[in-house]
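I set out to look up the fold, the packing and the confidence of one protein model. My entries are kept in the order in which I made them.

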Amino acid sequence: MDQSSLRTPAPTPRTEPMGAGGPDGQRPRSSRTTFFAGIGCVALILGLLLGVGGFFGVRAVTGGDPSETAGTETGGTGESLEAAPVGKEAAVPMGTTFPVVSPDEYIGEVQVAVTEIDWDATTEVAEANTFNDAPGSGEKYMLTTLEAAFRGEGTLSTAFWVSVTYVAEDGTEYGDSYAITPLQSQLPWEVADGTDFSQQIAFLIPQDAPEGGHIVLSPVVAADLEEGTWVTAA
């Protein structure tokens, strides 16, 4: 007898595709599918990173949320004047924006507004710098905040662009104490055209001084107060 007729026939290979009934219960993924899936994941991650980076990049350049629109130039809350009024009789309310021009110090103008007065800022001034002089007996620090914007050629020195004086209700004049203020660390020494900045001036006044009077801004240190712009301190 021919021995070959006794051999068991070889099983027929399975030809239908693997599906839910396959050994692992899943349809096998081709190498091409895996490749494109990986590319998609990488693209998604890069997109998220670039989006977040772009958002914070805009914040770094503009100093704010890119979705926010630009507001007023100085942060003043009142009227904006094209020319600075002169003298006590033409005093303007706090928050009014007006230009300060001083050709001997800079080319251009500074749009400025007196936006805030802290009538007892002794603690804030003491915390701003340990080398600040303590008020004398019966004295306290008063703090005035200016919001300004330089529009001109070259640069502006933030230390020499304006003279600020407090004139009390009784007519007593108080000059800059030159104490280091809380905003001093954020104030650059010079600013270029188009730069906005905040500045504070500290005055030493009597402890029992009533609130009121005027803040007077003059273009130069030696200017007569009557030639300056008076802002009602209220």
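The entries below record what I looked up in this structure.

**Entry 1: basis of the model**

I note that this is a predicted model, in which local features need pLDDT of at least 70, side-chain atom pairs count only at pLDDT 80 or more, and totals for chains, interfaces and linings use all residues. Residues are numbered from 1 along each chain as its sequence is written, and side-chain values use heavy atoms, with hydrogens and water left out.

I looked up the confidence, given as pLDDT (the predictor's confidence in each residue, from 0 to 100). The protein averages a pLDDT of 77, and 67% of the residues score at least 70. Over residues 1–73 the pLDDT stays under 50. For that stretch I found 22 contacts beyond four places in sequence, a contact being heavy atoms within 4.5 Å.

**Entry 2: overall composition**

I recorded two helices and 11 strands. Helices (H or I, at least four residues) and strands (E, at least two) are DSSP runs, numbered from the N terminus. Along the sequence the pattern reads α-β-β-β-α-β-β-β-β-β-β-β-β.

Of the 234 residues, 32% count as buried; buried means under 20% relative accessible area, exposed over 50%, and partly exposed in between (1.4 Å probe, protein chains only). Among contacts with a separation of 6 or more, 67% join residues 24 or more positions apart.

**Entry 3: the four-stranded sheet**

I traced an open sheet of four strands in the order E2-E3-E4-E9, with antiparallel pairing. Two strands count as paired if DSSP finds at least two bridges between them. Strand E2 (98–100) and strand E9 (196–206) are the edge strands, each pairing on one side only. Neighbouring strands are turned by 40 degrees against each other on average, direction ignored; the axes are lines fitted to C-alpha atoms, and angles run from 0 to 180 degrees between N-to-C directions.

I then examined one pair. E2 and strand E3 (residues 107–118) are joined in the antiparallel sense over three bridges, and Pro99 stands opposite Gln111 in E3.

**Entry 4: the five-stranded sheet**

I found another open sheet, of five strands, in the order E1-E11-E10-E6-E7 and with mixed pairing. Its edge strands are E1 and strand E7 (173–174). Strand E6 (residues 163–167) and strand E10 (residues 214–218) pair in the antiparallel sense over five bridges. Val164 has Leu217 in E10 as its bridge partner.

**Entry 5: nonpolar cores**

I looked for nonpolar cores, that is, sets of buried Ala, Val, Leu, Ile, Met, Phe, Trp, Tyr and Cys residues joined through side-chain atoms within 4.5 Å. The largest has 32 residues, and those with the most contacts inside it are Trp161, Tyr166, Phe203, Ile215 and Leu217. E2, E3, strand E4 (139–153), E6, E9 and E10 each supply at least two residues of this core. A second, separate core of six residues includes Ala121, Tyr141, Leu143 and Ala202.

**Entry 6: Lys88**

Leaving aside neighbours within four places in sequence, Lys88 is in contact with His214, Glu226 and Trp230. I also noted that Lys88 and Glu227 are 139 residues apart in sequence and 9.1 Å apart in space, C-alpha to C-alpha.
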